[in-house]
Amino acid sequence: MAVKELNAIIGEITFLTPETMILRVIPDGWEIPDYTPGQFAILGLPAGSPRIEISDPEENPPAPDKFILRSYSIASSSAEKEFLEFYISLVRSGTLTPRLFCLKRGDRIFLRPKVSGMFTLNQIPAESNLILMGTGTGLAPYMSMIRTFIKPDDNRNLSVVHGARHSWDLGYNSELSTLNNMLDNFHYVPSITRPEHELTAWTGHQGYLQDIWKSGAADADWDSPATPETTHIFLCGNPAMVEGMVSILAGDGYMEHKKSGSGQVHLERYW
Ligand SMILES: Cc1cc2nc3c(=O)[nH]c(=O)nc-3n(C[C@H](O)[C@H](O)[C@H](O)COP(=O)(O)OP(=O)(O)OC[C@H]3O[C@@H](n4cnc5c(N)ncnc54)[C@H](O)[C@@H]3O)c2cc1C
């Protein structure tokens with residue numbers, strides 16, 4: 001298929017803030033391939049597409065017919081065959097996202113029909129506890145894992161630790177809070193780094209994910225604490241968080257996962 005075919009259609013588009021959105025993309029006349037939660041797809045638009053006003057002016061814009069392609073983790077359940085959902089933040093100085101933020105329902109987009117990625121639960125034993133840590137839109141692959149696999153009778157502990165600047169940047173907050181209230185073994189641990197900007201006092205966790213890990217909040221509600229023998233840890237999003245956590249976790253006895261299957265720390269860097 002030629003890249004220049006805008007082979008998919010924007011379904012729902014929800015702006016959580018002016019700089020974050022949830023985008024549903026529907027293939028036009030072809031089927032979403034089978035994929036594993038945690039994997040990513042590629043979206044693209046021609047450079048001639050408009051940029052949103054709040055973005056930075058582009059100093060050297062690409063030729064209008066050049067395609068701009070970027071990777072995005074899938075946030076929908078792999079059982080969902082009508083659309084793929086993505087959780088995307090605007091990079092004001094970026095190339096593709098200022099164009100994605102101009103899209104409207106019914107517009108056309110390129111969606112690569114092949115899905116890729118190794119950031120999945122494939123090699124994790126079914127009884128292992130899980131801590132899924134993400135900054136910003138680094139939550140997206142975990143939404144796909146949770147929406148696909150979560151079961152009320154699951155014996156493993158599962159904590160989702162989500163870091164953002166403000167409470168209004170905590171995408172999927174209500175869905176995750178509901179699961180937290182409904183399921184004994186599901187723990188949602190949101191944290192914000194700019195509590196001084198909140199309109200009403202923030203009483204939840206504060207600080208970077210590295211601080212949350214050190215404070216013990218990630219496994220505070222588990223029946224026994226996380227250890228490298230019982231727990232796998234996933235890190236996704238901002239590379240500074242990923243590097244910082246890898247180093248802290250190494251000190252706590254957790255090793256980076258290798259293709260051989262050893263190691264409990266799994267990484268996805270967004271840039
Ligand atoms: C496997 C994978 C999955 C990804 N999944 C998602 C996702 O689900 N949601 C999502 O919003 N993004 C995701 N990304 C990032 C995405 O591919 C783009 O890099 C991002 O949208 C910026 O594209 P751009 O063309 O606007 O910026 P570019 O012109 O490519 O500029 C990118 C530069 O902006 C800076 N930057 C600041 N904030 C970010 C940020 N949040 N992401 C990337 N770069 C940033 C970095 O310095 C980076 O080098 C993923 C990346 C990878 C590799």
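Author: A residue is called buried if 20 or more other C-beta atoms lie within 10 Å of its own, exposed if 12 or fewer do, and partly exposed in between, with C-beta atoms placed from the backbone. Helices (H or I, at least four residues) and strands (E, at least two) are DSSP runs, numbered from the N terminus. The model is a predicted one, in which local features need pLDDT of at least 70 and side-chain atom pairs count only at pLDDT 80 or more, while totals for chains, interfaces and linings use all residues. Residues are numbered from 1 along each chain as its sequence is written.

Reader: How many of the residues of S7 are buried?

Author: Strand S7 covers residues 129–135. Asn129, Ile131, Met133 and Thr135 point one way from S7, Leu130, Leu132 and Gly134 point the other way, and all are buried. S7 is therefore largely enclosed by the rest of the structure, the buried count being 7 of the 7 residues.

Reader: What is the order of the strands in the open sheet of 6 strands?

Author: Two strands are said to pair if DSSP finds at least two bridges between them. S7 pairs with S8 in the parallel sense over 6 bridges, and 6 bridges also join S7 to S11, again in parallel. S11 and S12 run parallel and are joined by 5 bridges. With parallel pairing, the order is S10-S9-S8-S7-S11-S12.

Reader: Which are the edge strands of that sheet?

Author: An edge strand here pairs on one side only. The two that do so are strand S10 (205–206) and S12.

Reader: Which residue of S12 is the bridge partner of Cys236?

Author: Cys236 belongs to S11, where it stands opposite Gly134. In S12, the partner of Cys236 is Glu268.

Reader: Against which strands do the buried residues of H2 pack?

Author: Helix H2 (residues 140–149) has 7 of its 10 residues buried, so it is largely enclosed by the rest of the structure. These residues are Ala140, Pro141, Tyr142, Met143, Ser144, Met145 and Ile146. Contact means that the C-beta atoms of two residues, placed from the backbone, lie within 7 Å. The strands packed against are S4, S5, S7, S8, S11 and S12.

Reader: Which residues does Val160 touch, not counting residues up to four places away in sequence?

Author: Val160 lies in strand S8. It counts as buried because 25 C-beta neighbours fall inside 10 Å. The residues it touches are Leu132, Tyr142, Leu176, Tyr188 and Val189.

Reader: What is the phi of Tyr172?

Author: Most residues other than glycine have a negative phi. Tyr172 is found in the loop between S8 and helix H3 (173–182), and is buried, with 22 other C-beta atoms within 10 Å. Although Tyr172 is not a glycine, its phi is positive, at about 65°.

Reader: Which strand gives the largest share of the side of domain 1 that touches domain 2?

Author: The chain is divided into domain 1 (8–111) and domain 2 (129–269), with bounds from an automatic or database domain assignment. Contacts join 17 residues of domain 1 to 14 residues of domain 2. On the domain 1 side, strand S1 (8–17), strand S2 (20–27) and S5 each supply at least two residues. The largest share, 4 residues, comes from S5.
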